[in-house]
Amino acid sequence: ATKMEGASGDAFIVEKLKTLPPQYDATDVISEQRFAVSKDGTEIPYFIVMKNDIELNGKNPTLLYGYGGFEISLGPHYIATSGLAWLERGGVYVEANIRGGGEFGPKWHQAALKANRNKSYEDYIA
């Protein structure tokens, strides 16, 4: 079990229920949740996945993915393109939990609907 902290500061426990066999040795790969601030001041969570010895210096090649629609939630997970093909070569993978998705329930989803759709784009840019 892993203790995590949400955007509001609330702590919760994540417990691994079931896993597939590893596709490669990920013992030197780390995943961290961080937060960016969107144009309107809202904290936008994102996950960053990288080798544990990498120095983030603003020059690291980075793949950024974000999806904010249909109340679909994203979280760190294995993706072949960000495995051996990317991380082993010094790349960084970032997955943003922009508004419109389902990470924080219906209000998070509805915050980027219709006239407020621009919020998703602003979150991604943050």
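Modeller: Happy to; I will start with the sheet, go on to the core, and end at a loop beside the sheet.

A word on the basis: this is a predicted model, where local features need pLDDT of at least 70, side-chain atom pairs count only at pLDDT 80 or more, and totals for chains, interfaces and linings use all residues. Residues are numbered from 1 along each chain as its sequence is written, and side-chain values use heavy atoms, with hydrogens and water left out.

The sheet is open, with 4 strands in the order E3-E4-E6-E5 and mixed pairing. Strands (E, at least two residues) and helices (H or I, at least four) are DSSP runs, numbered from the N terminus, and two strands pair if DSSP finds at least two bridges between them. E3 (29-37) and E5 are the edge strands; each has a single partner strand, so one side of each lacks a neighbour in the sheet. From one strand to the next the twist averages 20°, with axes as lines fitted to C-alpha atoms and angles running from 0 to 180 degrees between N-to-C directions. E5 and E6 run parallel and are joined by 5 bridges. Gly-66 sits opposite Ala-96 of E6.

Ala-96 also belongs to the largest nonpolar core, which has 11 residues, including Tyr-46, Ile-48, Val-92, Val-94 and Trp-108. Such a core is a set of buried Ala, Val, Leu, Ile, Met, Phe, Trp, Tyr and Cys residues joined through side-chain atoms within 4.5 Å; buried means under 20% relative accessible area, exposed over 50%, and partly exposed in between (1.4 Å probe, protein chains only). E4 (43-51) and E6 each supply at least two residues of this core, and the largest share, 4 residues, comes from E4. A second, separate core of 5 residues includes Tyr-24, Val-29, Val-49 and Tyr-93.

Finally, the loop between E5 (62-66) and E6 (92-96) holds Phe-70. Most residues other than glycine have a negative phi. Phe-70, though not a glycine, has a positive phi of about 55°. Phe-70 counts as exposed because its relative accessibility is 70%.
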